[in-house]
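I am opening my notebook to look through a structure step by step, writing down what I looked up and what I found. I start with strands and sheets, and then turn to helices and the contact of the chains.

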Amino acid sequence: MRPITAFAALCGFFLSSSSLVCAQSSFKPPQTFKNVNLVRNINLEKGYARETVNVVVENVDKEPQSTYYLAFPSDVFDKVGGLEVRDRKAPEKGPLAVDALSVDTPSDVQYFAVDLPKPLAPKSQVTLGISYYLLSSLSPRPAAINQADKQYLTYSFSAYTLSAYPTVTQKTKLKLPSTNVPDYTTTSGLKSGSDPERQGTTYTYGPYDTTEVAPGTTYPITVRYEFTKPVITASLLERDLEVSHWGGNLATEERYWLRNNGSTLVNQFSRVEWTLTNFQQLPSSAIRELKYPLKPGSVDPYFIDDIGNVSTSRYRPGKPPKRDGSLELRPRYPVFGGWNYSFRIGWNNELSAFLRRVAGSESYVLKVPFIEGPRMPEGVQYEKVVVRVILPEGARNVRYETIETASNNGLPPADQITFHVSPHKTFMDTLGRTALTLTVENLSDEARDSQLLVTYDYSFWDGMRKPVTITAGLLTAFAAAWAIGNIDVSIKKR
Amino acid sequence: MSLNEVWERASASPYTPLISKDSQFALGFTLLLSAIILTGLFGLNRSFLSIASFGVPASLAFGFGAVYMICAVGVYV
């Protein structure tokens, strides 16, 4: 049983989201486990940090235990995205249930509770694979550079992985995007020999024997490395998917509010210098172009910003059924560090590739990508994503599901996706269409391949609502013309 | 049954609309044109019989024609 007080239970009662469990700030996980061996891989090749922790966990209690707590520093806790925990020996069984524990007052460490598939017997072990990414975790140093300068990012972490439990041995592997690493912390006294060990772009801190080190002990490490690419961040992405049964069409529109989190410019922007950089195809910290793969068969793409149509885009349609189309978008101006750019893009697809009718009923099942977004080597991070699936007018019994794959699909656990169904009124609507809105925070382009399934009921007469309404309207006009025409308004003796 | 199983089971019945995208404009245009002609014929003789013989078909043609025409011009309703 999870040691949450009566206060926490009361908090849970008032919260609508099942994913959020309240705990007091003084909450400390019971010391029922130990980490026998822990290997952390930190990948900094993209504009956000991706971490994978493989840990062998042993139950040191006398009772079987089923809840393992993951600790994160409080300043990082809200930036964790796509958290997934799997049993490494049975990854095909899917991810384990994870709950975020919120606290009422600030504390240094916050926890996620992982429910093991079956209680772990005393002295037995399980290997957990924990993967997640941390948004806005990389900061540019220097914070301001010249336009054609190289950009450097720093990442800070602890040599001792933060855990709620004692750890016997641990090590951290760091994968950097380049060999140009001007600064990195070298540890002293943590192990014999040089630390870190360097091999190409990989730095290994440890292995450390941390049996005597208390859980929560930190040893700060900072690396500064070259990353002359933009740090693309979408503060908001709104994605609309509109299903039209009459038109046989799936219309997609995405609205982006982009920002470059890289180094800002010291001086004013120079168009001449930018033209030179572009001509020589030198790497730049600015967003120059976004490459956007579209599903095969996508047609009618558009790219609009606040001013109007942006003509600097190119579309190469893919060849159905296999080859993706490619939409290449050049923003109206290069987006340097600290600059913003907001725009909208949209396109159409044949509905038959995404919608199927359930045999023998009036139910339909829709399968669409949860997010698409640009595919960039430097990655894209999304602080908030609002996906709205606009179903036809009269659709009922809406249910949805995200598909879990054999590896991390980049999405958070299903109960951390908030949803609501509301009417959406637009052209030719009488009641309004049924719109399913899903909101997720902290996503990255790792979730590009994730799929969303939606089922709904929609009868023949629901479909007839539009033409019948218009028909009735015109017929009323005819009847009125006839009735008014029959009124005798002549001036004569009666 | 998970929704993915529902999707897999329905693999034999992808949704195809009654009228394909390519024919929407032709059909919408024809229906709207006939709606206008029938309305004109109704206007020549506004009797109750005309409502039945011209008004009803004109209304139906306009109802369906408008839906197909708005789809044909890219506003998929």
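How many residues lie between S6(A) and S7(A) in the hairpin that they form? I found five residues between the two strands of this hairpin. Before going further I noted that this is a predicted model, in which local features need pLDDT of at least 70 and side-chain atom pairs count only at pLDDT 80 or more, whereas totals for chains, interfaces and linings use all residues. Residues are numbered from 1 along each chain as its sequence is written, while chains are lettered from A and ligands numbered from 1 in the order in which they are written.

**Entry 1: the hairpin**

I looked up the limits of the two strands and found S6 at residues 97–103 and S7 at residues 109–120 of chain A, running antiparallel and joined by five bridges. The names come from DSSP runs, numbered from the N terminus, where a helix (H or I) has at least four residues and a strand (E) at least two. Two strands count as paired if DSSP finds at least two bridges between them. As an example of one bridge, I noted that Ala97(A) has Asp115(A) in S7(A) as its partner.

**Entry 2: the seven-stranded sheet**

Next I followed an open sheet of seven strands in chain A, whose order is S5-S8-S3-S2-S12-S15-S14 and whose pairing is mixed. At its edges I found S5 (80–87) and S14 (197–199) of chain A, each of which pairs on one side only. On average, neighbouring strands here are turned by 15 degrees against each other, direction ignored. Such angles use axes, which are lines fitted to C-alpha atoms (for helices over the stretch in contact), and run from 0 to 180 degrees between N-to-C directions.

I then compared the pairings inside this sheet. S2 (residues 33–43) and S12 (residues 167–175) of chain A run parallel and share eight bridges, with Thr172(A) in S12(A) as the bridge partner of Arg40(A). S2(A) also runs antiparallel to S3 (residues 49–59) of chain A, over ten bridges, and these two strands form a hairpin with five residues between them. In that pairing, Lys34(A) has Glu58(A) as its bridge partner. S3(A) in turn pairs with S8 (residues 125–134) of chain A in the antiparallel sense, again over ten bridges, and here Thr52(A) has Ser131(A) as its partner.

**Entry 3: the four-stranded sheet**

I also looked up an open sheet of four strands in chain A, ordered S25-S26-S31-S28 with antiparallel pairing. S25 (355–357) and S28 (396–402) of chain A each have a single partner strand, so one side of each is left without a neighbour in the sheet. S25(A) is joined by three bridges to S26 (residues 363–369) of chain A, and Leu355(A) stands opposite Leu366(A).

**Entry 4: where the chains touch**

Finally I looked at the contact of the chains, to which chain A gives 38 residues and chain B 34 residues; residues are in contact if their C-beta atoms, placed from the backbone, lie within 7 Å. H5(A) gives the most to the side of chain A that touches chain B, with twelve residues. That side of chain A divides into 21 nonpolar, nine polar and eight charged residues. The axes of H5(A) and H3(B) come within 8 Å and cross at roughly 150 degrees. Among the residues that meet there are Leu474(A), Phe478(A) and Trp482(A) in H5(A), and Gly55(B), Ser59(B) and Phe62(B) in H3(B). By class, I noted 17 nonpolar, four polar and one charged residues in the contact of H5(A) with H3(B).

Notes. Contact = placed C-beta atoms within 7 Å. Nonpolar A, V, L, I, M, F, W, Y, C, P; charged D, E, K, R; others polar.
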